[in-house]
Amino acid sequence: MEYNDTYEQEIDLKDLMFVVLRKWRPILVVAIILAVLAGGYKIGQKLSQQSDPEFLKDAEESYQKELSMYEMNKASTEREIENLMLDLENQDEYMANSVLMNISPYDVSISTADFFVKTNYEIMPNMVYQNINYADSLIKSYAAAVIKQGLDKVSDAENLDVKYLEELVAVDIDYNNDMFSVKVKHSDPKKAEAIMDSIMSTLKGLRGKLSSAIATHTLSVMNETSSVTVDLAISDIQKSKKEYVSTLETSLQTKQDELKEMTEPKKPAVSKLSAVKSGIKYIILGGVLGAFMVVFVVCVAFLMSDKIASAKELKNRFGIKTLGILISGNKKKVFGFVDGWLDKLEGVDVTTPETVRYEVIAANIRNYAKDAKSLLVTGTVDKEALDTVAGKLKDLLPGVQISCGEDMRVTAYTLEQISKHEGVVLVEKKGASSYTGVSQELETIKNVGKETVGYILI
């Protein structure tokens, strides 16, 4: 299969992850260096500041301001919480004791009475000055007496606070007709009537006193009724009160959370230990930043690099057969066990002996090259690696002529040898050989009219 210039590389996140993990040494080194630099800078700065009297003075003044502001905010919040809790207690008491809050809006007992105030006032025809009509003053006095005196009397009789009675009684004044009406609401019709009777008794008892104080008059009950009705206004009042309680609870929770989140400012610490503690955050920050920088560079290099990253990508890109994978003899490194652990995670076979690997490669060549009698071993790796691979294959393929040629892109001898052999075996090195180089090799082999048996990846 020829190389496709329009091939769109798919990024394998697993490959990218292991590329990053295998750079753990430079990541760790850079992280340590930046951590030491950042932490050392901060610790040095802190020690320098601690020896500066002017800085210490400013720090103390700043601390006192912050402390004062904290104490003021804390005291204010605590007062707000106390006020909210007190208001909630009052509302709970009100909701439990208020008759109005416990009346069903769809079953309201109402008792009403209409009162008429008659005075001796007469209009004198043809007179510029008229006598004063005291009816308005009398009506106002009776209306006030309903709330101030009448409800006090009911409160004692019903053992109910006046503030709850005020919600049940309404006075409507009609000055034009010298009348006023009293309406009593209750959940119990008998109690509504009892309250009305008590109010009427109070008003009748005031007639003599008001006659002496204001003007002679008569107080007549024009109409008195009792009924049961629907009053949706009560429903609105009840809903409004419940919403208010809910708002209080939300506000209380908010203020309590604010109080918990308040932190008292710390007094400036002056010691070597405090300087070290202040540098710990910068040490961590520097280490994380250093590691991130290396990881970023590695990822960009991986994405932009043309080097062979894996056998899978080489096969997908060019469609050539994999003859085998050899493990290069890497030198033992410090903490090499980490590299071994990464090999196991990635699934790299490091246990199969080299002799077995070459036997597998030879078997694949016999299968793929069929009856070919001569093969050229070449690639973009160094001459020493090519000679080693060619020598091993000569021993394992006695009936096949194996020749070795250096990089055909820069070696004329290798180009001449391609046409003299029946097939070509490519040897490439992971992380060193490039996809562009392999593409050029495959193009050259195709142009000569020869077949690429496959590739060996080191």
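Asp-407 is buried, at a relative accessible area of 11% (buried means under 20%, exposed over 50% and partly exposed in between, with a 1.4 Å probe and protein chains only). Its side chain meets that of Arg-409 in a salt bridge of 2.8 Å, N to O (a side-chain nitrogen of Lys or Arg within 4 Å of a carboxyl oxygen of Asp or Glu). Arg-409 is partly exposed, with a relative accessible area of 39%.

This is a predicted model, in which local features need pLDDT of at least 70 and side-chain atom pairs count only at pLDDT 80 or more, while totals for chains, interfaces and linings use all residues. Residues are numbered from 1 along each chain as its sequence is written, and side-chain values use heavy atoms, with hydrogens and water left out.

**Salt bridges**

- Side chains of opposite charge can pair when their charged atoms come close.
- The whole structure holds 6 salt bridges.
- One of them joins the side chains of Asp-231 and Lys-185, at 2.8 Å from N to O.
- Asp-231 sits in the loop between β4 (217-229) and α7 (232-261), and Lys-185 in strand β3 (residues 179-186), so this pair ties together parts 46 residues apart in sequence. Helices (H or I, at least four residues) and strands (E, at least two) are DSSP runs, numbered from the N terminus.
- Asp-231 is buried, with a relative accessible area of 14%. Lys-185 counts as partly exposed, at 21%.
- Glu-313 forms a salt bridge with Arg-317, and their closest N and O atoms are 3.4 Å apart.
- Glu-313 and Arg-317 lie 4 residues apart in helix α9 (residues 311-318), which means about one helical turn separates them. Both residues are buried.

**Around Thr-380**

- Thr-380 is in the loop between β6 (374-379) and α12 (383-396).
- Thr-380 counts as buried because its relative accessibility is 18%.
- The Thr-380 side chain makes a polar contact of 2.5 Å with the side chain of Glu-428. A polar contact is a pair of N or O atoms within 3.5 Å; within protein, one must be able to donate a hydrogen and the other to accept it, and residues adjacent in sequence count only if both atoms are side-chain atoms.
- The side chains of Thr-380 and Ser-433 are joined by a polar contact of 2.7 Å.
- Leaving aside residues up to four places away in sequence, Thr-380 touches Asp-407, Arg-409, Val-427, Glu-428, Ser-433 and Glu-441 (contact means heavy atoms within 4.5 Å).
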